[in-house]
Amino acid sequence: NDGKWSENKSVLNLRVLPPWYNTWWSWVLYTCLFGLGVYAFLHAQHQALETRRVKELEAEKARFYVGITHQFRTPLTLIQGPIKLAMTDPNYHLHQGRLGKILENCDQLLGLIDRLLQLSKIEAGFLNPRIVHGNVISILANRVDAFREVATTRNLNLAFSTSNDTISLDYDQSLLVDIINNLLANATKYTPEGGAIEVTAAIRARGESRRLIVKVADNGPAIPEEEKDKIFDRFYRLNAAVDTANPSGTGIGLALSRKLAELLGGTLSLQTGPVWKNTFCLELPIHKKALADTVSLSKSVSPTLSANSHTFAKKLPPLSAEDLPLVLIIEDQAAVAAHIMECLQSTYRLHWAENGQGGLDWATTHYPDLVISDVMMPQMDGFTVCQQLKTNFATSHLPVILLTARADQDSRLSGLTRGADAYLAKPFDPRELRVRCKQLLLQRQRLASYYQQLVAADFAAPLNKDQVLPEGEQEEYAFVLQVKAKVLQHYMESEFNVQKLAKELPLDRTTLSRKLKSLAQITPTELIRSVRLQQAQKLLADPSYSIAEVAFACGFNDPDYFSRLFRSELGVSPSEFRVSA
């Protein structure tokens with residue numbers, strides 16, 4: 001019986017077990033395969049959508065570049081044409097009117113470039129508004145007045161009205177001006193002759209929140225309903241059938257304006273109507289958290305220091321051709337470097353370095369009087385060059401001008417915080433470049449005269465407390481005082497010389513000589529001699545000291561040499577000086 005039971009049990013188990021395709025693990029496998037299939041399907045759909053989106057974006061970009069290329073070619077043609085005629089035709093004269101047209105087209109190119117750069121910075125998150133608090137009505141009225149001449153030439157009726165004479169809020173003036181300029185430029189461009197444009201400003205209150213509403217309305221051709229939202233896209237332009245006034249427009253003005261409005265915490269939208277066909281509505285929140293809009297004035301440098309009647313401060317000699325200031329130009333574009341050299345060649349000695357690292361190496365070995373550097377360069381950018389020069393003790397006093405196409409406020413601040421003395425945007429005005437160079441070198445000359453008087457003056461009162469030195473000059477002033485203090489400490493030692501002075505500081509002899517020469521137009525040898533002669537004057541006032549004793553006490557081994565040197569510097573002998581004192 002036991003055997004039969006076992007056999008029957010085995011048969012029973014075989015009948016109860018399900019087939020493999022109906023087990024739990026087979027259903028897990030089915031589920032995984034189904035999931036993989038769904039994922040593959042969705043992934044394929046996503047890839048198809050992404051591919052279509054990329055193709056659409058590339059098509060929009062292609063249309064954008066075609067339009068923008070045309071925008072570049074038109075003013076370039078109007079610039080290039082007259083210049084070529086002037087070069088090939090000796091009878092063709094670039095009179096004031098033609099030059100004005102060339103400059104006008106240059107301004108158009110610059111405006112287009114600025115808009116492109118500004119839009120790319122916004123999308124990259126690098127543009128930060130500089131918020132101040134002030135009245136925006138005056139700014140709006142000023143912008144409207146700026147477009148009146150254009151409106152008059154096209155016989156357009158341009159009006160501005162506001163419900164409040166003063167509307168104060170937090171805003172960025174440059175960004176607000178850009179928005180209003182774009183809206184007014186579009187309105188004057190697309191409104192047909194004899195049409196009307198109206199700009200209004202009012203306050204709208206909703207509960208506790210208050211908003212500024214600026215509307216720019218025109219009665220030109222209405223923008224179709226299906227185009228209303230698309231016109232604010234970066235690469236989008238109206239269909240040529242609609243955009244008849246400007247078939248080659250770039251389509252970035254409105255996209256930029258909306259981005260700027262969002263940066264200010266506001267919105268920019270389009271409304272249409274039967275009378276005013278297109279009304280662009282700018283809404284900005286009214287806050288009063290920022291500081292009042294003020295203008296900061298920098299202090300000018302006018303070093304003055306009184307000295308006694310017998311000083312050893314040398315007057316700066318007139319510059320000969322060989323002594324013209326040495327200017328280092330660091331610029332990777334040869335054509336731009338040649339233009340800068342052409343602007344400065346009659347006034348300065350010039351050296352060109354074609355990259356940042358080469359310019360830095362040359363400046364630290366030749367010590368120019370002024371450095372002009374581009375910002376965007378290979379190997380080392382201009383910001384780094386400036387920072388390296390300003391943090392290197394041997395070159396920290398050198399004036400640096402940064403020249404760059406990055407003209408935005410943040411880039412200017414970035415350069416200035418790295419110690420740049422001036423920041424000019426390309427294309428620069430040659431007159432402004434020459435004035436900047438001249439003023440920076442004049443400032444260094446005034447400081448050199450001041451440091452000379454500082455060396456010659458009584459060490460007990462080296463600086464008038466009311467004296468204002470430029471920012472960053474305190475380190476150079478401290479260096480001059482330190483050098484003089486070391487000389488005063490050892491002037492009585494006849495073996496004390498430049499080598500020992502450099503070791504005391506501590507500096508190498510070359511760095512000491514070049515640094516002191518650049519700052520005070522005096523060599524270390526002349527400084528040591530000057531301090532010794534100053535101390536000799538004090539001792540000569542005491543008749544108990546003989547001339548020879550005074551000479552030995554001031555570090556001179558030869559009393560005769562001391563007398564000759566004293567007469568050479570002061571014009572009188574030691575004995576004559578004692579009588580007059």
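Modeller: A salt bridge is counted when a side-chain nitrogen of Lys or Arg lies within 4 Å of a carboxyl oxygen of Asp or Glu. Side chains of opposite charge can pair when their charged atoms come close. Please keep in mind that the model before us is predicted. In this model, the side chains of Asp421 and Lys390 meet in a salt bridge, with 3.0 Å from N to O. Asp421 lies in the loop between helix 11 (409–417) and strand 12, and Lys390 lies in helix 10 (residues 382–391), so this pair ties together parts that are 31 residues apart in sequence.

Colleague: Are these two residues buried or exposed?

Modeller: Under 20% relative accessible area a residue is called buried, over 50% exposed, and in between partly exposed. Asp421 has 33% relative accessibility and therefore counts as partly exposed, whereas Lys390, at 19%, counts as buried.

Colleague: How many salt bridges does the structure hold?

Modeller: The structure holds 11 salt bridges. One of them joins Glu283 and Arg204, whose closest N and O atoms are 3.3 Å apart. Because Glu283 lies in strand 7 and Arg204 in strand 4, the pair ties together parts that are 79 residues apart in sequence. Glu283 is buried at 14% relative accessibility, and Arg204 is partly exposed at 27%. Another salt bridge is formed by Lys486 and Glu504, with 3.8 Å between the closest N and O atoms. This pair links distant parts of the chain, since Lys486 is in helix 13 (residues 474–490) and Glu504 in helix 14, 18 residues apart. Salt bridges that share partners also join Arg204, Arg211 and Glu283 into one network.

Colleague: How do strand 4 and strand 5 pair?

Modeller: Two strands count as paired if at least two bridges are found between them. Strand 4 (residues 196–206) and strand 5 (residues 209–218) are joined in the antiparallel sense over 10 bridges. Within this pair, Ile197 has Asp218 of strand 5 as its bridge partner. The two strands form a hairpin with 2 residues between them, and Gly207 there takes a positive phi near 65°. Strand 5 is also joined to strand 7 (residues 278–285) by 8 bridges, again running antiparallel. Ile213 has Glu283 of strand 7 as its bridge partner, and Glu283 is also the salt-bridge partner of Arg204.

Colleague: In what order do the strands of the open sheet stand?

Modeller: The open sheet has 5 strands in the order 9-8-10-11-12, with parallel pairing. Strand 9 (349–353) and strand 12 stand at the edges with a single partner strand each, so one side of each has no neighbour in the sheet. On average, neighbouring strands here are turned by 20° against each other, direction ignored. Strand 11 (residues 400–404) pairs with strand 12 over 4 parallel bridges, and Thr404 stands opposite Ala425 in strand 12. Tyr423 belongs to strand 12 (residues 422–425) and is buried, at 3% relative accessibility. Helix 9 lies across strand 8 (326–330) and strand 9, running at about 160° to strand 8.

Colleague: How should I read backbone angles?

Modeller: Most residues other than glycine have a negative phi, and most peptide bonds are trans. Tyr367 has a positive phi near 50°; this residue lies in the loop between helix 9 (356–366) and strand 10 (370–374) and is buried, at 12% relative accessible area. Gln521, with phi near 55°, is also positive. Gln521 is found in the loop between helix 15 and helix 16 (524–540), and counts as partly exposed at 30% relative accessibility.

Colleague: Which peptide bond is cis?

Modeller: The bond from Leu505 to Pro506 is cis, with omega near -10°. Pro506 sits in the loop between helix 14 (498–504) and helix 15 (509–520).

Colleague: Which residues make the nonpolar surface patch?

Modeller: The patch, of about 1,200 Å², includes Trp20, Tyr21, Trp24 and Trp25. Trp20 lies in the loop between helix 1 (2–16) and helix 2 (24–88). With a relative accessible area of 57%, Trp20 is exposed.

Key: Residues are numbered from 1 along each chain as its sequence is written. This is a predicted model: local features need pLDDT of at least 70, side-chain atom pairs count only at pLDDT 80 or more; totals for chains, interfaces and linings use all residues. Side-chain values use heavy atoms; hydrogens and water are left out. Buried means under 20% relative accessible area, exposed over 50%, partly exposed in between (1.4 Å probe, protein chains only). Axes are lines fitted to C-alpha atoms, for helices over the stretch in contact, and angles run from 0 to 180 degrees between N-to-C directions. Contact means heavy atoms within 4.5 Å. Patches are made of residues with over 30% relative accessible area and no salt bridge: like charges are joined within 9 Å, nonpolar side chains (Val, Leu, Ile, Met, Phe, Trp, Tyr) within 5 Å. Accessible areas come from the Shrake-Rupley method with a 1.4 Å probe; for residues, only the protein chains shown count as cover.
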